[in-house]
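Here are some exercises to work through with the structure beside you. Try each task yourself before you read its solution.

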Amino acid sequence: MDTATHIGMGLGLSAIATLSPEVSGDAQMFLAMTATALVGSHAPDFDTVFKLKGNSTYLRQHRGRSHGITALLAWPIIVSAVIGLALGVNPASLWVMAQIAVLLHVTVDLFNAYGTQALQPFSKKWIGWGVIGTFDPYLFSAYYGAYVLWLITGATVPIFALLIALVTSYYAIQFKLRNRALATVARHFAGAHELFISPGIGWDDWHVAVRFRDGLGAVKVKKGTVIECGRFRDKPMPGEDDLHFVEARKNADLQSFLEFSKIHTYTVTRHNGMIEYRFTNLRYFAKDIYPFVAVVIVDEESNEVLSSFTGWVFSEESLQKKLAYEQ
């Protein structure tokens, strides 16, 4: 889930904390509890710092160890200790809030398509149920709307009891719609082996990547209607006889992409003495393109990697800027 929505959840937790007289009657404790809720609800995403080491490192680390079982226990201790010491409040009195905030963050991230490595350090398996979008406008509006109402009325119990009921119902409805979309695609493609679903922004709007026995496909499902977006060959990776790809395969950007991507296609393009290997993840679809790619450009004569990139890019022009190199 996006940062703004996680913050909205944190604000809601801080409001609920005022049900305790110890919090509502002490401005310093309320400040500490609010800081704990906000920082705790965002803490697992502190792994964004890995962007400083490049996209390949970030792709390997984001939502990995920081969202795993060990981190689930470590983050609350760190957050409550730092905030408690900084604000002169007993860290032990903040720990429960920190634990709830971190647990909510890690749990809700499992519901989107990107998912997390929630079983780290015991497993690196990616778990993502594809139920809620990374940014969901309905949840965003609900969290901030509830908080504004609370600021105006101070009616903690009815506002947040209603919010919890609405959010729980929304998740249940989304699960039902997701499963219906998957069933619709399975009927549309009788030979489908695997389905990978991602929610869109609109209501009952989904993107599904499909693996067949002899190929790949992608569709949109809008309120039960299937719209095909393309079919692709499920080509085997180039072998050891392709020495240029052997070199490209060593590239950190491509390695990170292949470790993360569950369904993708690729193209090989030769131009002006260069070979471009472009891998495209078919699970994510936005603005009528597949924005998650990995590209490696190899010099055909020297077999040297000239440029590479992996990550999200929404136009060919932007991609070429990221791939620019000295010729």
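Helices (H or I, at least four residues) and strands (E, at least two) are DSSP runs, numbered from the N terminus. The model is predicted, so local features need pLDDT of at least 70 and side-chain atom pairs count only at pLDDT 80 or more, while totals for chains, interfaces and linings use all residues. Residues are numbered from 1 along each chain as its sequence is written, and side-chain values use heavy atoms, with hydrogens and water left out.

**Exercise 1. Work out how exposed threonine 5 and tryptophan 129 are.**

Step 1: Start in helix H1 (residues 3–17), where threonine 5 lies. Its relative accessibility is 1%, and therefore threonine 5 is buried.

Step 2: Not counting residues up to four places away in sequence, threonine 5 touches Phe135, Phe140 and Tyr143.

Step 3: Move on to tryptophan 129, in the loop between H6 and H7. Because its relative accessibility is 32%, tryptophan 129 is partly exposed.

Step 4: Leaving aside neighbours within four places in sequence, the contacts of tryptophan 129 include Phe111, Asn112 and Arg178. Asparagine 112 is 17 residues away along the chain, yet the two C-alpha atoms are separated by 5.8 Å.

**Exercise 2. Find the aromatic pairs and classify two of them.**

Step 1: Searching the whole structure gives 25 aromatic pairs. In one of them, tyrosine 114 and phenylalanine 260 have ring centres 4.8 Å apart and planes at 40°, a tilted pair. This pair joins distant parts of the chain, 146 residues apart: tyrosine 114 is in the loop between helix H6 (95–109) and helix H7 (137–153), and phenylalanine 260 is in helix H10 (residues 252–260). Both residues are buried.

Step 2: Tyrosine 284 and phenylalanine 292 have ring centres 6.1 Å apart and planes at 65°, so this pair is edge-to-face. Tyrosine 284 and phenylalanine 292 are both buried.

Step 3: One aromatic cluster includes Tyr114, Phe260, Tyr284 and Phe292.

**Exercise 3. Which lysine lies over the face of tyrosine 266?**

Step 1: Check the rule: a charge sits over a ring if NZ of Lys or CZ of Arg is within 6 Å of the ring centre and within 35 degrees of the ring normal.

Step 2: The lysine is lysine 235, at 4.3 Å from the ring centre of tyrosine 266. Lysine 51 is likewise over the face of tyrosine 58, at 5.0 Å from the ring centre.

Note on methods
Phe/Tyr/Trp six-rings, centres within 6.5 Å; stacked < 30°, edge-to-face > 60°. Buried < 20%, exposed > 50% of the residue type's maximum accessible area, 1.4 Å probe, protein only. Contact = heavy atoms within 4.5 Å.
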